[in-house]
Amino acid sequence: AYVSYSRSNGDDAIEGIAYYPRLEQTLANTRFDEDTGEYVCDPRGVPGEGQTVNCRPLNFFDPTFIRTGRFPDPDDNAYLYPNRITNTVVEQTVYQGFITGELFDIPWGGPASMVLGVEYRDDAIVTKTDAGASGGDFFGYSGDPGSNGSRWLKEAFTEFDLPLVLDRKLVSELSLNLAARWTEEENFGEETTYRVQAQYAPVDWLRVRGTVGTSFRAPNLGEQFGGQVTGFGNPSDPCRTPGVAVPFVDHDDDPNTPDIRLYNPDLDPRDQEVLDNCENGGGPFGLEATNPYNLGIRGLGTQNPVFFGAPTLVASGSNPDLKAETSTASTLGLVFEQPWTDRFDFRISATYFDIEIEDEVDQLTATTIAARCYNSPGLVDPTCQYITRDPRDEADDTSGEISFIEALEQNLGKQYARGI
């Protein structure tokens, strides 16, 4: 039996990132003081608090700043680029007890042995962020609320090792290993898993082995309680018209008039299924239709059309609605070791495996979610439920874009892996 307790405390400090509130105050409150002949930055009062927030005048036209993005005065850099600080504490307590021993002798084999045990585990995570990090006030970073959660897990397990036949004619070894585990997790209920492993060696240099088993994995603390952040990204929207598909063309066969850019379907690298999905919309999750032949372009059919970006709001992080992963796996393998000489070692093995995971937990990027959705026939891929597209208005060139993608941890359905 044993008891263990572990605690990790980590600080993450990111420097060199502009802090918006100080930048805004400097730009708004900097003025030229005629009495001193210098630029000053007026402090700002905090309503209801009786406090003031000081600021510094910054010279954004300084040659050093223009070249490097940093000021020659270290105090100016410390003011505009304070550290973005995150503190995370993870604690785990484990209680485990087990007994092991021999049960009986198998007539043609060896002693049958057993392990029987129980375990209780308690996990907790607390992540704290500074005010700037939680408010999303650092350039390029969305708000990080931190995380706070705990869970307990109970398990009971047993294992039997059965050497059925040993050192007999045509049977150097025939053994069987049986294992089972009952698991109960605070947020995901209980599950029973097992494993059966068999080995047969007709001689000591040739062995056949196989396993069949199941497994259960509840989402970890980060996947359950890691918190969610939301910020603007620019995922690749499959419906946006690619620039390569709108070349310059001589539309009127007049060399004296400028060429204009027009959509050419022969140059569009997208599959027809993607174009149909964009144009028709719908599907089980009711996505809005849009125009894949001019989306993201203003002034198509002119000499200088504008290709504009469309920042998309993306949510990422943990997901409290996750389900536990379960899997089944089987293997069959062969091991050969050359028995003829001691001058060298030669060993070769091959194993066939077949693994099926149900409700695998993973986090897809916003770009992957959009691509999987719009490449599926009729927009039936489950990732489509995480996409929100604004309605298309042909009078508004900026309409019809993806406005939100939920890229949280999610259950990806069934995943298969087979091979040798």
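This note goes through the sheet, the strand pairs, the salt bridges, the aromatic pairs and one surface patch of a predicted model.

1. Basis. The model is predicted, so local features are taken only where pLDDT is at least 70 and side-chain atom pairs only at pLDDT 80 or more, while totals for chains, interfaces and linings use all residues. Residues are numbered from 1 along each chain as its sequence is written, and side-chain values use heavy atoms, with hydrogens and water left out.

2. The sheet. Ten strands make up an open sheet with antiparallel pairing, in the order β1-β6-β7-β8-β9-β10-β11-β18-β19-β24. The edges are β1 (2–14) and β24; each has a single partner strand, so one side of each has no neighbour in the sheet. From one strand to the next the twist averages 15°, with axes fitted as lines to C-alpha atoms (for helices over the stretch in contact) and angles running from 0 to 180 degrees between N-to-C directions. Strands here are DSSP runs of E with at least two residues, and helices are runs of H or I with at least four, numbered from the N terminus. Two strands count as paired if DSSP finds at least two bridges between them. In general, strands of a sheet pair through backbone hydrogen bonds, either parallel or antiparallel.

3. β8 and β9 are antiparallel and share 14 bridges; D161 has N177 in β9 as its bridge partner. The β8 and β9 hairpin has two residues between the strands, and L170 in this hairpin takes a positive phi near 65°. On to β10 (residues 189–203), β9 is joined by 13 bridges, again antiparallel. N177 has Q197 in β10 as its bridge partner. The hairpin from β9 to β10 passes through three residues.

4. Strands β11 and β18. β11 (residues 206–217) pairs with β18 (residues 325–337) over twelve bridges in the antiparallel sense. In this pair of strands, R217 stands opposite E325 of β18.

5. The structure holds 24 salt bridges, each defined as a side-chain nitrogen of Lys or Arg within 4 Å of a carboxyl oxygen of Asp or Glu. One of them joins the side chains of E91 and R7, at 3.8 Å from N to O. This pair links distant parts of the chain, with E91 in strand β6 (residues 84–105) and R7 in strand β1, 84 residues apart. E91 is partly exposed, at 29% relative accessibility. The classes are buried under 20% relative accessible area, exposed over 50% and partly exposed in between (1.4 Å probe, protein chains only). In a further salt bridge, the closest N and O atoms of E155 and R181 are 3.1 Å apart. That pair connects strand β8 (residues 147–168), which holds E155, with strand β9 (residues 171–185), which holds R181, 26 residues apart. E155 is buried at 13%, whereas R181 is partly exposed at 31%.

6. R240 and E401 form a salt bridge whose closest N and O atoms are 3.3 Å apart. R240 lies in the loop between β12 (228–233) and β13 (248–249), and E401 in the loop between β21 (387–389) and β22 (402–408), 161 residues apart. E401 is buried, with 6% relative accessibility. Separately, salt bridges link E119, R121, D123, R151 and E185 in a network.

7. Aromatic pairs. Nine aromatic pairs are found in the whole structure, where rings of Phe, Tyr and Trp (its six-membered ring) pair if their centres lie within 6.5 Å, counting as stacked with planes under 30 degrees apart, edge-to-face over 60 and tilted for the rest. Y95 and Y120 form a tilted pair, 6.3 Å centre to centre with 40° between the planes. Y95 belongs to strand β6 and Y120 to strand β7 (residues 111–129), so the pair ties together parts 25 residues apart in sequence. Y95 is partly exposed at 43%, and Y120 is also partly exposed, at 30%. F60, F65 and F71 make one aromatic cluster.

8. Surface patch. L164, L170, L174, Y200, V208, L332, L334, Y352 and I420 make a nonpolar surface patch of about 830 Å². Patch residues have over 30% relative accessible area and no salt bridge; like charges are joined within 9 Å and nonpolar side chains (Val, Leu, Ile, Met, Phe, Trp, Tyr) within 5 Å. Areas follow the Shrake-Rupley method with a 1.4 Å probe, and for residues only the protein chains shown count as cover. I420 lies in the segment after β24 (415–419) and is exposed, with 77% relative accessibility.
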